[in-house]
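Keep the sequence and the 3D view side by side.

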Amino acid sequence: MLIDGSKVAAGLAAANALAPTGPIGLGQALADPESKLRRPGFNLAFKSLEEETFLPRIAQDGKLPKWLTGTLLRNGPALFEIGEEKFNHWFDGLAMLHAFSFAGGKVSYRNRFLRSSQYWAWKKEGRIKFSELATDPAPDPCRQIFSGVSTLPVLGRVPNANVTIEKLAGEFRAHTEIPIPVRFNPKFLNTLGIEDGAEMQGRLGTAHPHFDPETGERFSYEVELVPPSGLRIVSEKGAKRRELAFIPQSSPGYLHSFGLTRRFVVIVSQPFNFNLAKFLSPDRGPIITNYEWQPEEPTRIILVDRRRGGVVRTVETDAFFAFHHINAYEQDGKVIVDVCAHKDAGVIDALYLKKIRSGSKVPQAKYRRFEIRLSNGKMTQRDLIDAYIELPQKNYDRVNGKHYRYAYGVGLKKGSSGFIDQLVKADVKKGESRVWRERGVYPGEPVFVPRPGAKTEDDGVILSVALDGIRRRSALLVLDARDMEEIARAWVPHHIPFGFHGLYSRRT
Ligand SMILES: [Fe+2]
């Protein structure tokens, strides 16, 4: 259902009627039968949201900073089943874009599904038609009879790009781990499509490219899964594309992000290895089931020269797993690499929808720093703060690739709900962290927005879309990034399924 025009006023009235009043952050429990549970209202975090909405003004508590005039764009899965067919994993649901726009101290909200090939299969055929990371379409009986084996993944032309949003040369693009971005209009969230001639090939990419605002270069990688298999590091400047390195790998490891310093592209290559033979066999399963954790192998940190290309150094450490780099930079002849480090790849398994919904604990990541001496390759490592951290963000334009002090992320209070239940600000200089939490509230990735004219690294606000499980709806939290105190909260009248990443843009 698309709500617009005449329904807007009704929507706003409903939002206001539903929104709690009174002081912010008291977390007063409403009469909710689930409120005594360990995770009140948590079932909404992975419950489908089918409605597309535009609300020109949503209810809010507190006062927004006057300088906050822009849009927070978010991406994440929002539909977890089509008819009787279910997506298996959090990473597989249908992409929905969300926009919280700020003007004159007020907030509007819009959401819209990305018009991917999978979206149109839902609308026109009512089925899961294409393969996702951990979901394959139901077998086609005719093809099964004739081939006798399961077929290779069936990929849609327009990917279900539900992971991140990139702004590049004024264009907004949604990404997943296939190197085909999907362009969209940031005001209306309508899908504009993919590049002419973009084709699915036997390769994966990153949903987390880097952009260096000082040089105008964009960095990314591609993983070739079929021989000659390996990892290709790429830089682009306008239409000019350069291959900086190709690292042959017989069983390419799973990669999600990378780091960027002034001189290096930093790859953390982990032994969660793709098994091509299994993938080509009759019992292959969805693509992620063909990766194998091989802890007897090391995790390798690979430094690629940004300017001249080529691998400068590779160092090895005991196996660990990381989705996300936090930052990387060079100092005193060393390369510093900070990541969210998991013990192993078990976190992917823990994020199957059946497991998360059943209340299983999700493995957590530590804020780990590796220091590599460039002259001899010696490496040390340590954890910088005690708190867990994931979905990391920072003052990107100011500190990416540079010495820095603060990062922000989501985490889990030790011994608590088992899922994300707090926001964390890390002070790596002091080795301390500060948290924001409220019972029954599950916050998403914290996006840092600097105050115009800010002198210090943490002068700005944190924006996080949080599910309030007790009030059974989602809200946009606005925190002062300096002390993580809440400034304001803007309510949508429904839940927003737990998403991944987003960005703030002053201009859309
Ligand atoms: Fe990510």
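## Cavities

Three cavities of 30 Å³ or more are counted here. A cavity is a set of points on a 1 Å grid, over the protein atoms alone, where a 1.4 Å probe fits but cannot get out. Grid points are joined across faces, edges and corners, and a volume is the space filled by probe spheres set on the points. Rolling a probe the size of a water molecule over the atoms shows where empty space is left. This is a predicted model: local features need pLDDT of at least 70, side-chain atom pairs count only at pLDDT 80 or more, and totals for chains, interfaces and linings use all residues. Residues are numbered from 1 along each chain as its sequence is written, and side-chain values use heavy atoms, with hydrogens and water left out.

The largest cavity has a volume of about 150 Å³. Its lining holds 17 residues; Val465, Ile496, Pro497, Phe498 and Gly499 lie nearest the centre. Lining residues have an atom within 4 Å of a point. At least two lining residues come from each of strands E4 (71-79), E7 (94-103) and E34 (460-468). E4 gives the most, with four. Helices (H or I, at least four residues) and strands (E, at least two) are DSSP runs, numbered from the N terminus. The lining has nine nonpolar, six polar and two charged residues. Ala, Val, Leu, Ile, Met, Phe, Trp, Tyr, Cys and Pro count as nonpolar, Asp, Glu, Lys and Arg as charged, and the others, Gly among them, as polar.

## Pockets

A pocket is an open set of points with protein on both sides within 12 Å along at least five of seven lines. The largest pocket has a volume of about 1,200 Å³. Of its 42 lining residues, Ile165, Gln393, Tyr396, Asp397 and Leu503 are closest to the centre. Strand E9 (164-168) gives the most to this lining, with five residues. By class, the lining has 19 nonpolar, 15 polar and eight charged residues.

The second largest pocket holds about 860 Å³ of space. It is lined by 46 residues, and Phe91, Leu133, Thr176, Glu177 and Tyr254 lie nearest its centre. Helix H2 (117-125), strand E13 (203-205) and E28 each give two or more residues to the lining. The classes here are 28 nonpolar, 14 polar and four charged.

## The iron site

Which residues hold the protein donors of the iron ion? They are His208, His256, His324 and His501, each through NE2, lying 2.1 to 2.2 Å from the ion. Donors are N, O and S atoms within 2.8 Å of the metal (3.2 Å for Na, K and Ca); water is not among the atoms, so sites may look incomplete. Along the chain the spacing is H-x47-H-x67-H-x176-H. His256 sits in the loop between strands E17 (240-248) and E18 (259-260), and His324 in the loop between strands E23 (311-317) and E24 (325-331). The two are 68 residues apart, so the pair links distant parts of the chain.

His256 is buried, at 7% relative accessible area. His324 is buried too, at 6%. Buried means under 20% relative accessible area (1.4 Å probe, protein chains only).

## Helix H2

The buried residues of H2 are Ser117, Gln118, Tyr119, Ala121 and Trp122. Just after H2, Gly126 takes a positive phi of about 65 degrees.

Definitions and conventions: Buried means under 20% relative accessible area, exposed over 50%, partly exposed in between (1.4 Å probe, protein chains only).
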